[in-house]
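This note is meant for a colleague who is meeting the structure for the first time. The points below take up charged pairs, the contact between the chains and the surface in turn.

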Amino acid sequence: MKKIIFSGAVIFSVFATSFFGCGPKNKPEEKGESKLSGTVEIDGSSTVYPITEATAEEFRVENPDVKVTIGVSGTGGGFKKFVRSEIDIAEASRPIKKSEDSATSAAKIEYIELPIAYDGLAVVVNPQNTWVDYLTVEELKKIWEPEAQGKIVKWNQIRPNWPNEEIHLFGAGHESGTFDYFTEAIVGKAKASRGDYTASEDDNVLVQGISTDKFALGYFGLAYFTENKDKLKLIPIDDKKDENGKGPILASDETVKNGTYQPLSRPLFIYVNKKSSDTNPSIDSFVHFYIDNAETLVVDAKYIPLSKAVYDLVKTRFKEKKTGSVFLDKESTVGVKLEEVLK
Amino acid sequence: MGKKGKGKIKKRLKYFSNTRVYEYQDQAFKYFGLCCTLIGVVVLMLLLGDVLYRGLSRLDWDFIMGLPSRRAAKAGIYTAWVGTLWIMVLTAVIAFPIGISAGLYLEEYNKKSRLSNIIEINIANLAGVPSIIYGLLGLELFARALKLGESVLTGALTLSLLILPIIIVSTREALKAVPYSIREGSYALGASKWQTIWYQVLPAAVSGIFTGVILSLSRAIGETAPLIVIGALTFVPFVPESVMDSFTVLPIQIFNWVSRPQKEFSENAAAAIIILLSITFIMNGIAVYIRHKWQKKVKW
């Protein structure tokens, strides 16, 4: 029996040395001159994650002693943790809901709402699909609304001159903010969607599916289209509203930014706990760093930056510690112009 | 030739034709079994080949010692594999003594009763509960009620719960395999119950116990779902220095990278999978070694 204990101890000490053996690397590179130290705890939307990750990585170069951690519990999960004061910053791919807002006030938490980027939703088909030139919001609704389930199953049911072939649908999974947003923008009600389509939380699965199926149609984050341009065909969308661009409009950085690619572009947010930012200078400086560098880091993370004017408004909003959400009395962010609501 | 002789020959012929059938059955099952084995092996080879092909070129010292980054080429898994090691060691420290002791008690001390039956059935059932359920339990119990937060300790406690039933069951199986005559011999020489267990039964069963225990630990380090539920993080640019620090593990990092739009990240994921597989293989190697070593020692 002694031998077992001994060999156990040997195995254990091998593990132990592997921890301490790499001691020097544990310490952050001593580059920055800042004296800030502390923790910044962030959680929320996986859509916003790449931007926050980029920010945290750059922030670390200047402030090596600040420990920034990021989780990806999803927008709703992030807000739940935010209400419990388990995190300082919540990332969100949609604005805070009324129920979540009242939960924060019940927990006596004040928050500062900061838009940080735009994301576009791409509607795509297979490159071999020669018949679809554009889609209207009306047609998209006809395809995706709950009533379409089992009924709209062929391409020629959408437009008669399209082929008499089955339509294969690919879309976001029910837990994702993308699903919430798409259904709200197209069907008019969040989470209202037909269920008989290939759903995945992982957009790469959707890309794979659509790129190998001639009769496929699907939607996902614009970044996934940009990375797979050669395998997919992007469809222009017409919202029949002439005030934000006439006719069908193709999703691009430009059209998302200037608000003409409607209704499928959305703002992304971070929500900062006001008390944390008042008491913890690391959080204050992290958020300032976030806004100041958003323009370049958002592009790095393959999203679309807000305009300079809006970033200035966001910055003042944080400086003045303006609490509460500007979206509570609005039905949705669909079609909202950030310049106007932030003023 | 009389009637009797004919009957004998007929019987013999029947016997022969039957053996032929049996032989065919035997051969058929042999090849069927071979096919089944090959399916497993071929699929594993394809997976391994694919992962190695994609990930091997990405694997280098900088990748292993690098911190997380948004640039796929710069990103490393240092904090992830250190997190995995922390979780592994801590889970082992918590789960092994409890699991093995419980197994010992149930097998050697426990008297058959209705209560013990219920306990046994429960343990067997617990081994089949989906891991995410354990994650939810860990979140409520360890992270929130006991206020341990999203720490390494919460993760290790949750995974310990997950593998406890497996350890208990495999410990009991190993103890059952020790012939009862060994115990009786020991008692006959005047040894107490504890002496019998410590000097006779445990050394005889140890190879089986350790095999089960280490395989259960290999399972634990591959788990993602319960750790995500208890709030293990994705971006952690520092390694845990105490059991109360936040952490990330390899499976979570792989999961994150696979779902990124940039293709370079899937290379990273493949490389991280190679590391995770290596850790699992090393663990299984240790299990095989221990079994081999201790089997030789047992001489009755």
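1. Which residue does the side chain of Arg194(A) meet in a salt bridge? The model is a predicted one, and in it the partner is Asp196(A), with 2.7 Å from N to O. Arg194(A) has a relative accessible area of 2% and is therefore buried, the limit being under 20%. Asp196(A), by contrast, counts as partly exposed at 34% relative accessibility.

2. A salt bridge also joins the side chains of Arg94(A) and Glu100(A), at 3.1 Å from N to O. Arg94(A) is buried, with a relative accessible area of 13%. Glu100(A) likewise counts as buried, at 13% relative accessibility.

3. Lys321(A) and Asp284(A) form a further side-chain salt bridge, with 3.2 Å between N and O. This pair connects distant parts of the chain, 37 residues apart: Lys321(A) lies in the loop between helix H13 (308-319) and helix H14 (338-342) of chain A, and Asp284(A) lies in helix H12 of chain A. Lys321(A) counts as buried at 18% relative accessibility, whereas Asp284(A) is partly exposed, with a relative accessible area of 22%.

4. Side chains of opposite charge can pair when their charged atoms come close. Over all chains, the structure holds 30 salt bridges.

5. Of the 343 residues in chain A, 54% are buried. Among the contacts in chain A with a separation of 6 or more, 75% are between residues 24 or more positions apart. The accessible surface of chain A is about 15100 Å², and carbon and sulfur atoms account for 52% of that area.

6. How many residues of chain A are in contact with chain B? There are 38 of them, and they touch 42 residues of chain B. The size of an interface is often given as the accessible area lost when the parts come together. For chain A and chain B, the area buried between them is about 3900 Å², with 59% of it on carbon and sulfur atoms.

7. The rule finds 15 residue pairs in polar contact between chain A and chain B, both residues being at pLDDT 80 or more. Several elements of chain A each supply at least two residues to the side that touches chain B, including helix H1 (2-20), strand E2 (66-70) and helix H12 (281-300). H3(A) gives the most to that side, with 8 residues.

8. Across the interface of chain A and chain B, 8 salt bridges are found. One salt bridge in the structure pairs Arg70(B) with Glu57(A), whose closest N and O atoms are 3.3 Å apart. Both residues belong to a network of salt bridges that links Glu57(A), Glu58(A) and Asp300(A) with Arg70(B), Arg71(B) and Lys74(B).

9. The surface of chain B deserves a separate remark. A nonpolar patch is formed there by Tyr31(B), Leu34(B), Leu38(B), Val41(B), Val42(B), Met45(B) and Leu46(B), which together have about 680 Å² of accessible area. One of these residues, Val41(B), is found in helix H1 (residues 3-55) of chain B. Val41(B) has a relative accessible area of 38% and so is partly exposed.

Key: Residues are numbered from 1 along each chain as its sequence is written. Chains are lettered from A and ligands numbered from 1 in the order in which they are written. This is a predicted model: local features need pLDDT of at least 70, side-chain atom pairs count only at pLDDT 80 or more; totals for chains, interfaces and linings use all residues. Side-chain values use heavy atoms; hydrogens and water are left out. Patches are made of residues with over 30% relative accessible area and no salt bridge: like charges are joined within 9 Å, nonpolar side chains (Val, Leu, Ile, Met, Phe, Trp, Tyr) within 5 Å. Accessible areas come from the Shrake-Rupley method with a 1.4 Å probe; for residues, only the protein chains shown count as cover. A salt bridge is a side-chain nitrogen of Lys or Arg within 4 Å of a carboxyl oxygen of Asp or Glu. Helices (H or I, at least four residues) and strands (E, at least two) are DSSP runs, numbered from the N terminus. Buried means under 20% relative accessible area, exposed over 50%, partly exposed in between (1.4 Å probe, protein chains only). Contact means heavy atoms within 4.5 Å. Buried area is the accessible area (1.4 Å probe) that two parts lose on being put together, summed over both. A polar contact is a pair of N or O atoms within 3.5 Å; within protein, one must be able to donate a hydrogen and the other to accept it, and residues adjacent in sequence count only if both atoms are side-chain atoms.
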